[in-house]
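Visitor: I would like to learn how to read a few features of a protein model. Please take them one at a time.

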Amino acid sequence: MNTTRTINLKSRPKGTPKLSDFDFTTSEVKELQKGEVLLRTTYVSVDPYLRGRMSDAKSYIEPFELNKPIVSGIIAEVIDSKSDNFSVGDFVSGVLEWKETQVAKEDSLKKVDPNQAPLSAYLGILGMTGLTAYLGLTEIGKPKEGETLVVSGAAGAVGSIVGQIGKILGLHVVGIAGTDEKVDMIKSDFGFDEGINYNTTENMTQAIAKACPDGVDVYFDNVGGEISEAVLFNINKFSRTVNCGAISVYNNTELPKSISVQPFLIKNSSSMQGFVIFDYVDKHPAGIKQLAKWLQEGKLEYTETIQEGFETIPQAFLDLFEGKNKGKMVVKL
């Protein structure tokens, strides 16, 4: 029977994950049954939310099991098929295991077209990343032309798309990132109006006030922590905060000490809502259609950080927490 290399979760991380929390093993590839396909992995998505699944704390999705394969968004090529829906040579996307080859059921996969967009784009701007940006901003942020949008993690996969959508919708867009290079990138490549480097800014509250002279109407939060606290001092009446991620605190081993958000929300009649992309499954097809249209019209740009080699997947994941990615982080096999 054929075998494949597999990456398992060896131990639950305490604080920031380490390479020793992952384990490379060889596993058997099961025999193909009717309605199944044999896949060869092409691209693997690594995302901050995977850190939550490495913990056994209660969450919106089941945690990874120890000594079992980690799963994430993957693009793969069909190399054998007993499915009426997929043929050898087709490319598919799905939530699949970190394996070089594997068998998957046909109803867990979606065909993607390499002639319409690069394959990796289906893990990013035309996949869950793009949908997270689009639906989070439009469904919760409810932006109106002329308003001010602030995006943290602005050079990341989701944040860079949020800012561009904000510009398409007629907003004044301010991005927060961690290096001068990233600040330059979000302005020159993605059209943000202003950028703030949180690592070199002594007073974030004042910097946000300067970049947002009319205050903040919509805040798309990818980081949490002190950066998000600084935004609160600048929110307008009836502002909306979209809680998408909190990468700054994912690896904390103790509860962070932070200011109370309630007084800010009460006095400004403001709203703050968290979400996961699965909350809007019925809106996914329309969202992908809109994103694809903007992409074809040249209104959206995207950037990727692509690592190469199956063995680099764990390190690529760890690099997310050091801000080493620009845009979407993917691994090419």
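Predicted model: local features only at pLDDT ≥ 70, side-chain atom pairs only at ≥ 80, totals over all residues.

Guide: Residues are numbered from 1 along each chain as its sequence is written, and side-chain values use heavy atoms, with hydrogens and water left out.

Visitor: What is the strand order of the open sheet of six strands?

Guide: Strands of a sheet pair through backbone hydrogen bonds, either parallel or antiparallel. Here, strands are DSSP runs of E with at least two residues, and helices are runs of H or I with at least four, numbered from the N terminus. Two strands pair if DSSP finds at least two bridges between them. The order is E10-E9-E8-E11-E12-E13, with parallel pairing. E10 (194-197) and E13 (271-274) each have a single partner strand, so one side of each is left without a neighbour in the sheet. The twist averages 15 degrees from one strand to the next, where axes are lines fitted to C-alpha atoms, for helices over the stretch in contact, and angles between N-to-C directions run from 0 to 180 degrees.

Visitor: How many bridges join E12 to E13?

Guide: Four bridges join E12 (residues 235-243) to E13. In E13, Ser 271 is the bridge partner of Arg 240.

Visitor: Which strands of the sheet does H3 touch?

Guide: H3 packs on the sheet against E8, E9 and E11, with its direction at about 170 degrees to that of E8. Contact means heavy atoms within 4.5 Å. Of the 12 residues of H3, 10 are buried, so the helix is largely enclosed by the rest of the structure. Buried means under 20% relative accessible area, exposed over 50%, and partly exposed in between (1.4 Å probe, protein chains only).

Visitor: Is Ser 152 buried or exposed?

Guide: Ser 152, in strand E8, is buried at 0% relative accessibility. Beyond its neighbours within four places in sequence, Ser 152 has contacts that include Ile 176, Tyr 219 and Asp 221.

Visitor: How many disulfides does the structure hold?

Guide: A disulfide is a pair of cysteine sulfur atoms within 2.5 Å. The structure holds zero. The sulfur of Cys 212 has its closest cysteine sulfur in Cys 244, at 19 Å, which is too far for a bond. Cys 212 is buried at 3% relative accessibility, whereas Cys 244 is partly exposed at 22%.
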